Amino acid sequence: RVRIPLPVSNILWEHCIRLANRTLVEGYANVKKCSNEGRALMQLDFQQFLMKLEKLTDIRPIPDKEFVETYIKAYYLTENDMECWIKEHREYSTKQLTNLVNVCLGSHINKKSRQKLLAAIDDIDRPKR
């Protein structure tokens, strides 16, 4: 057994937690279809994950917690709110934003609104190219 100093352990935990949270968002972005109930279950699953994590480590606040919660909650936004949200949240990849819009299609965003939101995502992505 090798003892790891607490500061090193905390840095390792922080990186592991950040990676896990980023992986969760990437997984949510790969969903092809999702109902309101499905997103609610995602929130519940994430809350369970946080509860278990808080028992394992003393790191507070949990790194990238808001990153995951914000992405899950974005599903419930109206068209106008989502357009503003897309422009404000550049921390998400183009793929993550595009999938969010595509998954919302049919549940509370129509095709015309979807095209408008996808154009907004493309406009944000354009300067990167």
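These notebook entries record what I looked up on aromatic pairs and salt bridges in this structure.

**Basis.** I worked from a predicted model in which local features need pLDDT of at least 70, side-chain atom pairs count only at pLDDT 80 or more, and totals for chains, interfaces and linings use all residues. Residues are numbered from 1 along each chain as its sequence is written, and side-chain values use heavy atoms, with hydrogens and water left out.

**Aromatic pairs.** I took rings of Phe, Tyr and Trp (its six-membered ring) as paired if their centres lie within 6.5 Å, with planes under 30 degrees apart counted as stacked, over 60 as edge-to-face and the rest as tilted. I found five such pairs. Phe 67 and Tyr 92 are stacked, at 4.5 Å centre to centre and 15° between the planes. Trp 85 and Tyr 92 are also stacked, at 5.3 Å and 25°. I noted both Phe 67 and Tyr 92 as buried (under 20% relative accessible area; exposed is over 50%, partly exposed in between; 1.4 Å probe, protein chains only). Phe 67, Tyr 71, Trp 85 and Tyr 92 form one aromatic cluster.

**Salt bridges.** I counted a side-chain nitrogen of Lys or Arg within 4 Å of a carboxyl oxygen of Asp or Glu, and the whole structure gave six salt bridges. One of them joins Arg 22 to Asp 64, the closest N and O atoms being 2.8 Å apart. Arg 22 is partly exposed at 35% relative accessible area, whereas Asp 64 is buried at 13%. I also found Glu 14, Arg 18, Arg 22 and Asp 64 linked in a network of salt bridges. Lys 95 bridges to Glu 26, with the closest N and O atoms 2.5 Å apart.
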